[in-house]
Amino acid sequence: MNVNELHIIYGNKPEKMVKKVLSAIEIEKELKPGMLIGIKPNLILASPSEEGATTSPEIVEGVIRYLKEKGFNNIIILESSWVGARTKKAFKVCGYEEIAERYDVQLYDLKQDSYREITVKDLNLRVCEKALEVDYLINMPVLKAHCQTKLTCALKNLKGCIPDQEKRRFHSLGLHKPIGYLNKVLKSQLIIVDAINGDLTFEEGGNPVQMDRIIAGKDPVLVDSYGASLIGYSGEEIEYIKIAASIGVGTNDLERAKIIEYDTDLKNSQRFKHSRKVERLARKIEARNACSACYGSLIHALKRLEEKGKLAKIDKVYIGQGFRGKSIDGTGIGICTRGFSRSLKGCPPSAREIVEFILDLVHQ
Ligand code: SF4
């Protein structure tokens, strides 16, 4: 798999989806017999993945099954939940204890681990030993918004590989620089993003937005730049993406990405369940047979527009396959609404594209 590739698969069967992507990219070609493979999910707290905060155990299970089928058995799952949360409880509540038992995989609570001090340029970083020992790190974040850093995805997920005391220090340093620098020390060999159901606003979940995608890549900066666009930001707006790019962790130039999509016909889904916060945004939407990938982008875009103080200026926005072939005087999102007087093409468009399109309209 080339470092500039981003593989996107749509659907709502996470285990099947991830196995399909892994066989397309043939990660076994990068692995050597006996190497220690570390899986780093996001288990920030003890909350099931349906709440939008933690990595779906089904995706992790799919990865483990694939690796085992290819003869790689030296696998561990490692995590340290955020300060104040018990990782062991998160392993249990999020379904990881069962996976560990079923596949004979060890769970490492990095809160119990020792650490090593490593200097990157002018910054000393403390990094958990076990994370440094891993030969091949599979970084498995959730794509979600974050109240301080706007985005949390691949780069920030590695913050779960440092001691609690160091996490507090990261916050005192403003998060961005230490997150960027940490990724210079800890290299993600493969990133598999759970973009099935990530949160609208907070890393602790509670307002999941159905996006029904898994993203795989090798460059965490590129993956995060793409992830940012899916929830309505440009990579330029996320400070730690720029910092990581500036010190050579990867590229934030999405123009250079080769995007390979699978199962684009499985974008369709009708299972929208709204939290109260999402429900408020959804009142702006007139949907008819909208695909989850499209609808989720629009929800994220409306939230970003609300953050910019523009939500009140927006009238109804139309979306969905039910508007194909209709000529309506209104604002439509996605290729299905191309007959509208104002329509954004794309199938699905990213939240970032929606934000720019609507900002243009409200400024006219
Ligand atoms: S543009 Fe239409 S078909 Fe394409 S993702 Fe959106 S709703 Fe689905």
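Let's start at one glycine. Gly320 sits in the loop that runs between E14 and E15. A word of caution before going on: this is a predicted model.

Is Gly320 buried or exposed? Its relative accessible area is 6%. The cut-off for buried is under 20%, so Gly320 counts as buried.

What does Gly320 touch, once its neighbours within four places in sequence are left aside? The contacts are Arg288, Asn289, Ala290 and Cys336. Now take Leu305, 15 residues away from Gly320 along the chain. The C-alpha atoms of those two are separated by 20 Å.

Stay in that loop, and turn to the aromatic rings. The count of aromatic pairs is three. Here is one of them: Tyr318 with Phe323. The arrangement is edge-to-face, with 5.5 Å from centre to centre and 90° between the planes.

Phe323 has a relative accessible area of 0%. That is under the 20% cut-off, so Phe323 is buried. Phe323 also pairs with Phe340. Again the rings are edge-to-face, at 5.6 Å between centres and 90° between planes.

Phe323 and Phe340 are both buried.

Next, the wider view. The protein chain is split into domain 1, residues 5–266, and domain 2, residues 270–363. How far apart are the C-alpha centres of domain 1 and domain 2? They lie 29 Å apart. Domain 1 puts 23 residues into the contact, and domain 2 puts in 21 residues.

On to the area. Between them, domain 1 and domain 2 bury about 1800 Å². Carbon and sulfur atoms give 53% of that. Which three residues supply more than any other three of the area that domain 1 buries against domain 2? They are Leu200, Gln210 and Gly232, with 31%.

Two salt bridges are found across the interface of domain 1 and domain 2. Nine residue pairs are in polar contact between the two domains. For a salt bridge to look up in the model, take Arg352 and Glu237: their side chains meet at 3.0 Å, N to O.

Note on methods:
Residues numbered from 1 in each chain as written. Predicted model: local features only at pLDDT ≥ 70, side-chain atom pairs only at ≥ 80, totals over all residues. Heavy atoms only, no water. Phe/Tyr/Trp six-rings, centres within 6.5 Å; stacked < 30°, edge-to-face > 60°. Buried < 20%, exposed > 50% of the residue type's maximum accessible area, 1.4 Å probe, protein only. Domains from an automatic or database assignment. Contact = heavy atoms within 4.5 Å. Buried area = accessible area lost by both parts, 1.4 Å probe. Salt bridge = Lys/Arg side-chain N within 4 Å of Asp/Glu carboxyl O. Polar contact = N/O pair within 3.5 Å; in protein donor to acceptor, adjacent residues only side chain to side chain. Helix = DSSP H or I, 4+ residues; strand = E, 2+ residues; numbered from the N terminus.
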